[in-house]
Amino acid sequence: MKILVVIVNYRTAALVAHCLQTLAGERTALPDLRAVVVDNPGGGDDAQALRAMVAEQGLGGWVEVRSMPCNGGFSYGVNAGVQPAMSGPDAPDAFLLLNPDTYVRPGAVAALAAFLAARPDVGIAGSRLEDEDGAVQHSRFRFPGVLSALDEGCQFGPVHRLLRRWATCPPLADAPHRVDWLSGACMLVRRDVFARVGPFDEDFFLYFEELDFTRRAHALGIASWQVPASRVVHLVGRSTGVTVRDRRPPRLPAYWFASRARYFRKHHGRLYRLAVDLAFVGGRLVGETLRVARRRPANAPPRLLRDFARHMVGLPAGAGN
């Protein structure tokens, strides 16, 4: 199987360099594996540093660093890597979308490729994401809705147990299984899926873009599966700083709210988007009341309720406001 790995870089050159070094080992089983690093400019010299690393490590035969004129976001970077390769004699059979803050365990890409080769009915396959110590991360999900928003807002055990069948994160599993959508940190997408679904929606600057893409694929009957035998380390939050695991997360940026609103408007309409927001805010009010009463430390991003409320009425929300 010919695979083109697409990595979108934004001020993460050192992480990308390590990711590429781990990918080099995958070429023993997959000699036709190539990679393109799409560099969204961030005011530094990442593209130059990555090209120097590629030359120094002797990776130039299969790695290309492509500089973009502006930082158009993640979808913009993915499309810049995928679309030029969609046709021609060297067109890949599939594209592996890989975050810059990941690196692959031995055999990870080969396991995904073997699964797609054996399952022509599956269009998208995702790896099991894990911490460096092997702890499993949630990386496949149910489509979000009103009840999952209520659960996420409340973050209270009895409420979660009541709503578990609608929770965004289903129980972990060790065997390959079909899912609604996969984390864009690592997913292998057949070329014909891109041909049918179209490119990533560049109106999503960052976040919710892979959810939108897999939702569009799902609407066309294209199945997404997770393959736990494919193991990829995800250094959560290293590329964006928004998602963290070891401390209270920072205030959510305005583009997170904009992407979230766009997803729900696009797939469910404005009234449903408002219902989802109200469910989250209502759940959060209950959850915060219980947290204070139980004297638990805050674990949500600062000003979360205020930012949701401002966004719901059309005022700017997120960091800087």
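Modeller: The largest cavity holds about 30 Å³ of space, where a volume is the space filled by probe spheres set on the grid points. The model is predicted, and local features need pLDDT of at least 70. Residues are numbered from 1 along each chain.

Biologist: What makes this space a cavity?

Modeller: On a 1 Å grid over the protein atoms alone, a cavity is a set of points where a 1.4 Å probe fits but cannot get out. The structure holds one cavity of 30 Å³ or more.

Biologist: Which residues line the largest cavity?

Modeller: Lining residues have an atom within 4 Å of a point. Here they are Phe257, Arg260, Ala261, Arg273, Asp277, Phe308 and His311. Helix α9 gives the most, with three residues.

Biologist: Why is α8 called roughly parallel to α9?

Modeller: Helix α8 (residues 209–219) and helix α9 (residues 254–268) pack at an angle of about 15°, with their axes 10 Å apart. Angles under 35 degrees count as roughly parallel, so α8 is roughly parallel to α9. The angle runs from 0 to 180 degrees between N-to-C directions, and the axes are lines fitted to C-alpha atoms. Helices are DSSP runs (H or I, at least four residues).

Biologist: Which residues of α8 and α9 meet?

Modeller: Contact means heavy atoms within 4.5 Å. Leu211, Asp212, Arg215 and Arg216 in α8 meet Tyr263, Lys266, His267 and His268 in α9. By class, this contact has two nonpolar, two polar and four charged residues; Asp, Glu, Lys and Arg count as charged, Ala, Val, Leu, Ile, Met, Phe, Trp, Tyr, Cys and Pro as nonpolar, and the others as polar.

Methods: This is a predicted model: local features need pLDDT of at least 70, side-chain atom pairs count only at pLDDT 80 or more; totals for chains, interfaces and linings use all residues. Side-chain values use heavy atoms; hydrogens and water are left out. Helices (H or I, at least four residues) and strands (E, at least two) are DSSP runs, numbered from the N terminus. Angles under 35 degrees count as roughly parallel, over 145 as roughly antiparallel, 65 to 115 as roughly perpendicular and the rest as oblique. On a 1 Å grid over the protein atoms alone, a cavity is a set of points where a 1.4 Å probe fits but cannot get out, and a pocket is an open set with protein on both sides within 12 Å along at least five of seven lines; lining residues have an atom within 4 Å of a point.
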